[in-house]
Amino acid sequence: MFLFDHMIISKQKDFNILLKKVGKGPVFIIGCSECATICGSGGEKEVLEMKEDFKKNNVLVTGWVVLDPACHLNNDKRLLKMHHKELEKSKKIIVLACGNGVQTVAEIINDKEIIPGTDSLFLGEIKRLTEFERRCEMCGECIQDSFDCVCPVTRCPKSMLNGPCGGSVDGMCEVDPDLECIWDVIIKKLSDKGQLDKLKKIMEPKDWSKSLVTKRSIK
Amino acid sequence: MHFKSNLERVLKKNNFAVTAEIGPPKGSDSSKITDKAEILKGCADAFNITDNQTAVVRLSSMAGSILLRDMNLEPVLQISCRDRNRIALQSDILGASSLGIKNMLFITGDHQLFGNHPSAKGVFDIDSIQLIQIVKNMRDEGIFQNGEDILARNPDVFIGGVANPFADPFEYRVDRLEKKISAGVDFIQTQSVFNVEKFEIWMDEIRNRGLYKEVFILAGITPLKSIRMTERMKFHVPGVDIPDDIYNRMKNSDDEKSEGYSIAIELIDKIKRINGIHGIHITALFWEDIIPKILEESKLLPRP
């Protein structure tokens, strides 16, 4: 069991939205043993339910795994290796974990389309550990698949959605020379995949009404 | 033909345009703007009034623009996304248009950590490309960002933006300009050009893609006043590219001001010859009175 300070509260995206993104598949489903399990958005139970739902819609599911937990890079590498044949057969991967878990998976799997299957909502308190990186601010509407699963809403100090500002120099951010320019990372990733065209579409202003700043609880 | 502004008229009639920047004061003394404007009268087709540039609190760009309007000078009102959300931005655009401001230039804005209020909360509700698209929709479709109709007169804005050909990742810079163009920008002012070689590579790609026919491009010019200023810009301002040869000329000169002046004249001369450039934008930081002389020698006066 992993001890940590906070729990990320997330909820599953509407299945029809996911179905549309998955298309014909085939799909591999990834869950998370910690937060997403506790809030019922991506534990084993939900992963298996989703597998059935895809089946009913004639989408092939090549396999599934519940990562332990999805935000743990080394554990993920080990567990995903054990599933590499099933992963190989898939074209799309749904990750039922928080926005950070999605990015950890995307750091390991570079040759498949990764689809966040939940919207991260807010941070709930638990307790303790040492080094962390902030990757998800739980905006309530996950759009990171537009950026190859690297989130600029959280990781760009100006939350720019349409490319880097004029202060990106040698891959570093103008705000802090020790901070990588996350747009530099996004562009390199997409450029390596020959998918820079993905950034041509103008991203509309974000819908902040999806964030839960005006609510205190969800049922 | 209907021109939204004098600047649009100059550009659309294929004249080489000149805009100049006036930075508002850290205080409410309007003469700090009107005195500079008096010096620059007749030297430029329009005058940018910056919006709390480098995140330092100054007299507002809206007020500065009105001061210019009252002197019969044409402002370019700068509006940044750092300090206002989409509600305030759209409201200011309507307000500015109601006061007769025709040119507006939209930027995401320098991060608040650079300025004199680093403890401020940045807004960044939307970015410059989104704002440009919102203004174009307000002007051409008569709708707000939420899709609702504008009820009483669309703002008639000549839409400006900026581009930095010297920032990284360099290979993405023209893509980003192309995105700004599809969002609806009419004219672009660039980061100050010192590295002409790199600027030409950027312009080559703009010509290859035919983009210079879709947007007016004004190259940034900043006369270097001293070695101190050169060093600050070279080493401390992100996204400014001062090549070593220019730096060394400033460093080894006995008369820094005159060296800086000569460099500016040479840069303008080179830039004027680049195919696809429609004008220059001069920013003379605390050295506005040199602008008339530079323009005279560059044969850019009188203005059309």
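**Note on the predicted model: cores, barrel and chain contact**

1. In this predicted model, the largest nonpolar core holds 81 residues, and those touching the most other members are B:Ala20, B:Phe47, B:Met104, B:Val135 and B:Ile188. The element that gives the most to this core is helix 5 of chain B (residues 128–141), with six residues. Leaving aside neighbours within four places in sequence, B:Val135 is in contact with B:Ile93, B:Phe106, B:Val157 and B:Ile159. A second core of 54 residues is separate; its members include A:Leu87, A:Ala106, A:Met160 and B:Tyr172.

2. Chain B contains a closed barrel of eight strands, in the order 1-2-3-4-5-6-7-8, and the pairing is parallel. On average, and ignoring direction, neighbouring strands of this sheet are turned by 30 degrees against each other. Helix 2 of chain B (residues 31–40) packs on the sheet, where it touches strand 1 (17–22) and strand 2 (46–49) of chain B; the direction of helix 2 makes about 155 degrees with that of strand 1. Helix 10 of chain B (residues 256–272) also packs on the sheet and touches strand 7 (216–221) and strand 8 (279–282) of chain B, its direction making about 160 degrees with that of strand 7.

3. On one side, strand 3 of chain B is joined to strand 2 of chain B by three bridges, and the two run parallel; B:Asn48 has B:Val76 as its bridge partner in strand 3. The chain passes from strand 2 to strand 3 through helix 3 of chain B (residues 61–69) in a right-handed β-α-β crossover.

4. Strand 3 (residues 75–80) and strand 4 (residues 103–107) of chain B also run parallel, and five bridges join them. In strand 4, B:Val76 has B:Asn103 as its bridge partner, and B:Gln78 has B:Leu105. With helix 4 of chain B (residues 86–98), these two strands make a right-handed β-α-β unit.

5. Between the chains, 24 residues of chain B are in contact with 24 residues of chain A. On the chain B side, helix 5 and helix 6 (173–183) each supply at least two residues, and helix 6 provides the largest share, five residues. By class, this side has nine nonpolar, nine polar and six charged residues.

Terms used:
Residues are numbered from 1 along each chain as its sequence is written. Chains are lettered from A and ligands numbered from 1 in the order in which they are written. This is a predicted model: local features need pLDDT of at least 70, side-chain atom pairs count only at pLDDT 80 or more; totals for chains, interfaces and linings use all residues. Two strands pair if DSSP finds at least two bridges between them. Helices (H or I, at least four residues) and strands (E, at least two) are DSSP runs, numbered from the N terminus. Axes are lines fitted to C-alpha atoms, for helices over the stretch in contact, and angles run from 0 to 180 degrees between N-to-C directions. Two residues are in contact if their C-beta atoms, placed from the backbone, lie within 7 Å. A nonpolar core is a set of buried Ala, Val, Leu, Ile, Met, Phe, Trp, Tyr and Cys residues joined through C-beta atoms within 7 Å. A residue is buried if 20 or more other C-beta atoms lie within 10 Å of its own, exposed if 12 or fewer, and partly exposed in between; C-beta atoms are placed from the backbone. Ala, Val, Leu, Ile, Met, Phe, Trp, Tyr, Cys and Pro count as nonpolar, Asp, Glu, Lys and Arg as charged, and the others, Gly among them, as polar. A crossover is right-handed if, with the strands pointing away from the viewer, the path from the first strand over the helix to the second runs clockwise.
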